[in-house]
Amino acid sequence: MPFAIQINNHSSTPKYRQIANCISRGIERKIIHKEEQLPSINELSAVYDISRDTAEKAYRLLKNKGIIMSVRGKGYYATNSSPCSERRVLLIFNKLSRYKEAIYNGFVQTIGQDSWVDLQVYYEDLRLFERILQQKSGQFTDYVIIPSFKGEAALQAQQMIDRYLGGQKITLLNALLPGIKEKHRAVIQNYETDIYQALCQAHRRLSSYKCIKLHFPFDCNYSRGIIHGFQRYCLEKSIPSEIIYKAYEQQEVEAGTAYIVVRDEELVTLVNQIKLRKFRLSKEVGILAYNDSPLKQVLLNGISVMSTKHELMGRQAAQLVLENQWGTVENEFQFIERGSL
């Protein structure tokens with residue numbers, strides 16, 4: 001059988017279920033073909049250093065589900081190229097927010113009622129992330145992960161996914177993890193291109209200001225692609241620009257400047273300072289915020305935004321899972337002009 005069964009000795013999932021899950025996925029992915037002979041109980045026991053009882057329990061489980069059959073005197077064979085089993089999906093999110101809620105809603109509405117969906121949140125904590133992978137390995141048919149780690153932490157997260165989710169069906173959302181060995185699909189945001197194109201769409205309004213300032217705090221966990229897209233736009237359009245890495249409380253709002261803010265807490269501070277200075281919004285100063293929300297639609301007659309289509313990201317991820325498609329899809333991004341520019 002040209003298919004390696006992966007057994008995680010540290011997983012809470014019993015070995016016989018891990019074996020059954022691996023074989024089931026191999027048949028579903030057509031790595032194991034219909035009517036292909038499987039290893040015997042003795043071969044399975046010897047090759048993977050497991051007891052005969054464990055091997056027998058794995059085959060019994062698969063046989064009861066109709067995924068394999070036994071032929072007296074000959075052995076075990078795959079019976080179906082698409083095993084019929086309940087789809088169980090684990091969503092692993094980095095944090096809870098209105099944007100993550102939109103992704104969740106888009107996913108759940110598209111995946112349908114025939115699938116069972118669970119949600120785990122690791123709150124940007126690498127140790128909690130590992131614990132979730134370890135505890136949930138082998139319990140779900142699909143794992144949908146939003147990876148938010150950078151640098152060394154991203155490398156460790158990638159290694160954890162390879163270690164605990166070997167042979168599982170993995171979908172990454174929002175960003176990739178370079179170097180991940182396990183086969184995976186993804187719905188990502190191309191931040192540099194997205195920001196650049198959104199700023200080009202906003203150019204008619206932005207060009208009326210003397211300077212554009214991007215507020216991107218040091219502790220901000222958003223992709224640095226936002227900075228690269230901003231710099232690319234400003235260089236190409238020859239617009240004076242600045243990137244602010246510290247808090248707005250330490251910066252004086254200046255007339256003739258358009259401010260780009262990526263976090264809502266900085267947006268509130270900026271709006272308060274504009275009111276204190278009695279600047280006329282869209283006349284003396286401008287605001288362009290990152291990611292849309294109901295508040296931004298009504299605040300000060302509307303805040304212009306450049307925004308990920310979060311619900312669409314969830315829908316696209318669910319569609320990849322439903323159709324068992326592999327590859328990387330770039331999610332859509334949009335500029336919405338309102339009264340703040």
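The following legends describe close-up views of a predicted model.

**View 1. The open sheet of six parallel strands.** The strands of this sheet follow the order β4-β3-β5-β6-β7-β13, and their pairing is parallel. At the edges lie β4, spanning 115-121, and β13, spanning 328-330, each of which pairs on one side only. From one strand to the next, the twist averages 15°. In general, the strands of a sheet pair through backbone hydrogen bonds, in either a parallel or an antiparallel manner.

**View 2. The pairing of β3 with β5 within the sheet.** Strand β3 comprises residues 87-93 and strand β5 comprises residues 142-145. The two run parallel and are joined by four bridges.

**View 3. The hairpin formed by β1 and β2.** Strand β1 (residues 68-71) pairs with strand β2 (residues 75-78) in the antiparallel sense, over four bridges. Valine 71 has glycine 75, in β2, as its bridge partner. Three residues lie between the two strands of the hairpin. In this turn, glycine 73 has a positive phi of about 85°.

View 4. Histidine 310 is located in helix α12, which covers residues 310-323. This residue counts as buried because its relative accessibility is 12%, below the 20% limit for that class. Leaving aside residues up to four places away in sequence, histidine 310 touches Tyr99, Ala102, Ile103 and Asn291.

**View 5. The largest pocket and its centre.** The volume of the largest pocket is about 840 Å³. Its lining consists of 39 residues, and those closest to the centre of the pocket are Asn174, Tyr191, Asn221, Tyr222 and Ser223. Sorted by class, the lining contains 18 nonpolar, 11 polar and 10 charged residues.

**View 6. Helices that contribute to the lining of the largest pocket.** At least two lining residues are supplied by each of α4 (98-111), α6 (151-164), α10 (264-277) and α12. The largest share comes from α4, which provides three residues. Helix α12, one of the contributing helices, is also the helix in which histidine 310 is placed.

Key:
Residues numbered from 1 in each chain as written. Predicted model: local features only at pLDDT ≥ 70, side-chain atom pairs only at ≥ 80, totals over all residues. Heavy atoms only, no water. Pairing = 2+ DSSP bridges. Axes fitted to C-alpha atoms, helices over the stretch in contact; angles between N-to-C directions. Buried < 20%, exposed > 50% of the residue type's maximum accessible area, 1.4 Å probe, protein only. Contact = heavy atoms within 4.5 Å. 1 Å grid on protein atoms, 1.4 Å probe; cavity = no way out; pocket = protein on both sides within 12 Å on 5 of 7 lines; lining within 4 Å. Points joined across faces, edges and corners; volume = space filled by probe spheres on them. Nonpolar A, V, L, I, M, F, W, Y, C, P; charged D, E, K, R; others polar.
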